[in-house]
Amino acid sequence: MASPPAREASRTARTRVHVVSDVHGNARDLARAGEGADALICLGDLVLFLDYADHSRGIFPDLFGEANADRIVELRTARRFEEARAFGAELWAGLGTDRRTAVESAVRRQYAELFAAFPTPTYATYGNVDMPPLWPEYARAGTTVLDGEVVEIAGRTFGFVGGGLRTPMRTPYEIDDDEYAAKVEAVAGVDVLCTHIPPEVPDLVYDTVARRFERGSRALLDAIRRTRPRYSLFGHVHQPLSPRMRIGATECVNVGHFAGSGRPWALEW
C-alpha cells in the first residue's frame with residue numbers, strides 16, 4: 001500500500017505534551033513522566049522542604065526530626081506564622097552549622113537527582129520553594145529553563161512565568177507583585193500560559209486540606225481576560241477547591257500535585 005501524501009500525514013500528526021508541577025522530591029515518578037509524550041513541561045517546586053502529609057519526609061525533618069516537623073506544621077496550619085518563625089529560629093540556632101550552608105547542601109542533593117530524571121526535551125520554570133541560582137548547575141542539555149520567556153512547541157507558543165508572590169511563609173522564590181506582573185506581560189499573547197501559581201480566583205487558590213487561600217496572581221487573571229490564551233496551566237495549590245475552570249475563552253487547569261499523584265497532566269493537539 002502506498003504511503004499517504006506528506007501533506008495528509010502532517011495533517012493527522014498529533015503532538016502530546018505532559019505537564020507536572022509540585023514535584024517535591026518525587027524523582028522516581030518524574031523519570032517516567034515523559035513516557036509517551038513529545039515533551040515534558042515542569043511548573044516548579046522541585047524541592048521538598050517538608051511534606052505536610054508525611055512529616056518524616058523533607059529537608060526539615062532530616063535536620064530536626066519528625067517531632068519538630070509536627071510542631072512547625074501545626075503552627076503554620078493554624079496561621080501562627082510568627083510563632084512558627086520563632087520556633088524555627090530556635091531550632092536553627094541549636095543546629096551548630098550555618099543555615100544557608102545546610103539548606104543549600106540538601107537542596108543540591110535533591111536537584112542532582114531530580115534534574116537527572118528529566119527527559120529530553122523538558123521545559124521548566126521555578127516554583128516558590130525553588131532556588132533559581134542553582135538551576136544552571138544542574139540543567140543538562142535537553143532541559144530549557146524559562147522565566148518570563150516564550151518557546152514554541154509544534155506550532156503553539158508557550159509562555160513561562162516562575163516563582164510565587166510574597167507571603168508570610170517567606171519561601172525562597174517569592175517576588176513583588178510588580179515584578180511578577182512584568183513577567184506576565186512579557187509573555188502576553190501566547191497560546192498557553194505556564195505558571196507556578198494560579199490566577200487569583202477563589203476556587204482556584206483555596207486549598208481544601210490546608211483550609212486556606214494561597215496567593216494567586218491578579219496580573220495573571222487580567223492577562224487571561226485580556227489576551228485569551230487557549231490554556232492557563234499552573235500548580236502550587238495541592239488540593240484545590242476547583243482543579244479546572246473556564247475564564248472566557250481560556251481553560252484554566254491545575255495540573256495536579258505530582259508529588260502525591262505521580263501522574264502528569266496531558267495536553268494534545
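In which loop is Pro 121 found? The points below begin with that residue; the model under discussion is predicted.

1. **The cis peptide bond.** Pro 121 is found in the loop that runs between helix α6 (99–117) and strand β3 (122–124). The peptide bond joining Thr 120 to Pro 121 is cis, with an omega of about -5°.

2. **Positive phi at Asp 22.** Asp 22 is not a glycine, and yet its phi is positive, near 55°. In general, most residues other than glycine have a negative phi. Asp 22 belongs to the loop between β1 and α2 (27–30). Its relative accessibility is 1%, and Asp 22 therefore counts as buried, the cut-off being under 20%.

3. **Positive phi at Arg 79.** Arg 79, likewise a residue other than glycine, has a positive phi near 60°. The loop that holds Arg 79 lies between α4 (66–77) and α5 (81–93). With a relative accessibility of 46%, Arg 79 counts as partly exposed, whereas Asp 22 counts as buried.

4. **Strand β1 and its surroundings.** Strand β1 covers residues 16–20 and is mostly covered, since 4 of its 5 residues are buried. β1 is joined to strand β15 (residues 265–268) by 4 bridges, and these two strands run antiparallel. With strand β2 (residues 39–42), β1 pairs in the parallel sense, over 4 bridges.

5. **Val 19 as a point of reference.** In β15, the bridge partner of Val 19 is Trp 265. In β2, the bridge partner of Val 19 is Ile 41.

6. How many disulfides does the structure hold? The number is 0.

7. Are Cys 42 and Cys 252 buried or exposed? Cys 42 has 0% relative accessibility and so counts as buried. Cys 252 is buried too, with a relative accessible area of 0%.

Terms used
Residues numbered from 1 in each chain as written. Predicted model: local features only at pLDDT ≥ 70, side-chain atom pairs only at ≥ 80, totals over all residues. Heavy atoms only, no water. Buried < 20%, exposed > 50% of the residue type's maximum accessible area, 1.4 Å probe, protein only. Pairing = 2+ DSSP bridges. Disulfide = S-S within 2.5 Å.
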